[in-house]
Amino acid sequence: MRKHSVMAWSMVVALGGFLFGFDTAVISGAEKSIQQYWHLSVFEHGLTISIALIGTVIGSLLGAKPSDKFGRKNTLYFVAAAYLLSSAGTALAENWYLFLAFRLLGGLGVGISSVTAPIYISEVSPADRRGRLVGLFQFNVVLGILISYLSNYLISQGGDTSWRWMLGVQAFPSLLFLVLIYFIPESPRWLILKKGATAKALEILRIINPLNCEQELAAIQRSDLHNGSNSSNLFSGEYKTPIVLAMLFAFFNQVSGINAIIYYAPRIFEMAGLGAHSSLLSTVGIGLINFIFTLIAINFIDKIGRRILMLVGSVGLIGSLFLVAFTFYSGHFSGFAIPMYMMIFIAFFAFSQGAVIWVFISEIFPNQVRAKGQTLGSSTHWVMAALIAFGFPYLAETLGGAITFFFFGTMMILQLIFVWRFMPETKGKSLEQIENNIVLH
């Protein structure tokens with residue numbers, strides 16, 4: 001029963017990941033109808049698509065403040081409310097500016113949930129299952145993207161107002177998320193370190209780890225003492241190792257080219273000589289492979305560890321990206337060669353970076369600064385995502401496919417060196433043991 005309680009709490013919070021994925025991808029099916037409905041110029045259309053990403057960057061930068069001040073649980077209430085209002089507001093908006101405001105609110109929800117949800121799950125998970133449970137968040141992001149594509153396809157048959165239903169249908173899972181948050185407890189680590197509510201925290205720790213709850217409580221309290229008076233200042237100097245690890249991890253996540261491929265897959269396939277219909281079909285394939293290999297990865301992450309997934313993934317990413325670059329360079333597009341290499345890329349990405357990023361960043365910071373550290377990693381990720389998404393069409397047009405993908409492949413060689421030489425293994429260790437290994441030594 002206790003084991004299932006932690007799984008149930010993690011699944012509820014991972015619903016935030018499902019809404020994150022759904023909200024990010026749902027606009028792809030509605031964007032042409034929205035452009036026609038409000039007769040938007042090229043600039044206005046671009047702003048309509050990217051406003052949620054701007055909100056995501058802002059939300060990821062602000063995520064630590066509410067998470068530390070009001071608690072992980074209360075912050076998740078705000079995230080659920082933001083998703084609910086955003087989906088209902090964009091579906092009903094008659095005014096373009098109001099539509100933008102609601103899309104921005106949805107983006108804020110995505111940004112804050114990318115900070116708060118992985119922190120919460122990492123803080124309530126037993127050490128031996130933490131990778132898998134935090135990995136549920138990324139699994140749900142990918143599931144949300146896949147369901148939004150399917151939902152858009154089914155709803156698109158509904159005539160001129162179908163775009164409103166595409167955006168509005170998200171209100172149902174958002175409402176479910178809002179209701180279910182009521183049934184999860186607050187993070188015991190937040191209760192101890194920010195509120196001094198030791199008795200309440202111990203009750204929750206007893207559910208998480210009935211055999212060693214007293215020892216875990218003592219370890220959390222000791223970690224607070226170790227950190228000293230400067231402990232809440234992330235940039236005090238003592239946290240430089242986790243800061244460098246988080247920022248480099250988030251940087252490499254995006255310079256793999258993942259968001260360029262997710263956002264511009266049909267365009268890349270058309271550059272490779274496929275027709276528009278085949279390009280859209282290949283995009284569905286990318287969504288499915290992303291989903292399958294994320295599921296495989298979260299089943300392996302606690303067995304073989306974060307580093308092995310990253311080493312295997314980096315080698316696969318290097319191979320697939322250089323194959324894409326070479327195919328563009330040679331000019332010999334043999335039918336489905338580039339889509340096939342892209343799908344190999346997606347498989348290795350989902351198996352490594354995709355599954356590991358939120359787990360690893362949520363683990364490496366000490367209790368006192370975990371929310372700030374997660375904010376730093378998450379905001380680095382989203383700023384890089386925005387830069388790559390905005391820069392890719394220009395790079396592809398100016399430099400061509402060969403040089404663009406050669407650049408991504410070279411970045412993955414640097415990632416392989418980073419993982420091999422610098423990335424610590426966090427598998428099977430408590431958060432306090434990881435803190436001892438990374439910060440205090």
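Modeller: Let us begin with burial: a residue is called buried under 20% relative accessible area, exposed over 50%, and partly exposed in between, judged with a 1.4 Å probe and protein chains only. This is a predicted model, in which local features need pLDDT of at least 70 and side-chain atom pairs count only at pLDDT 80 or more, while totals for chains, interfaces and linings use all residues. Residues are numbered from 1 along each chain as its sequence is written, and side-chain values use heavy atoms, with hydrogens and water left out.

Biologist: Is Glu94 buried or exposed, then?

Modeller: Glu94 counts as exposed because its relative accessibility is 56%, whereas Arg164, at 14%, counts as buried.

Biologist: What joins the side chains of Arg164 and Glu94?

Modeller: Arg164 and Glu94 form one, at 3.5 Å from N to O. Arg164 belongs to helix 7 (residues 162–168) and Glu94 to the loop between helix 4 (72–92) and helix 5 (96–124), so this pair ties together parts 70 residues apart in sequence. Helices here are DSSP runs of H or I with at least four residues, numbered from the N terminus.

Biologist: How many salt bridges does the structure hold, and which residues are linked in a network of them?

Modeller: The structure holds 11 salt bridges, and the network links Asp68, Arg72, Glu123 and Arg370. Within that group, Arg72 bridges to Asp68 with the closest N and O atoms 3.0 Å apart, and both of these residues are buried. Glu123 and Arg370 meet at 2.8 Å, N to O; Glu123 lies in helix 5 and Arg370 in helix 17 (residues 370–422), so the pair ties together parts 247 residues apart in sequence. Glu123 and Arg370 are likewise buried.

Biologist: How should I read a nonpolar patch on the surface, and which residues form the one here?

Modeller: Patches are made of residues with over 30% relative accessible area and no salt bridge, and nonpolar side chains (Val, Leu, Ile, Met, Phe, Trp, Tyr) are joined within 5 Å, like charges within 9 Å. Here Val284, Leu288, Ile292, Ile296, Phe300, Ile304, Ile308 and Val312 make up the patch, with about 610 Å² of accessible area together, areas being taken from the Shrake-Rupley method with a 1.4 Å probe and, for residues, only the protein chains shown as cover. Helix 14 (276–300) and helix 15 each supply at least two of its residues, and helix 14 gives the most, with five. An α-helix has 3.6 residues a turn, so residues three or four places apart point the same way.

Biologist: What does the span of helix 15 tell me?

Modeller: The expected span is 1.5 Å times one less than the number of residues. Helix 15 (residues 306–330), with 25 residues, reaches 36 Å from its first C-alpha to its last, close to the expected 36 Å. Just after helix 15, Gly331 takes a positive phi of about 80°.

Biologist: Which residue has a positive phi although it is not a glycine?

Modeller: That is His39, with a phi of about 50°, placed in the loop between helix 1 (2–37) and helix 2 (42–62). His39 counts as exposed because its relative accessibility is 70%.

How values were computed:
Salt bridge = Lys/Arg side-chain N within 4 Å of Asp/Glu carboxyl O.
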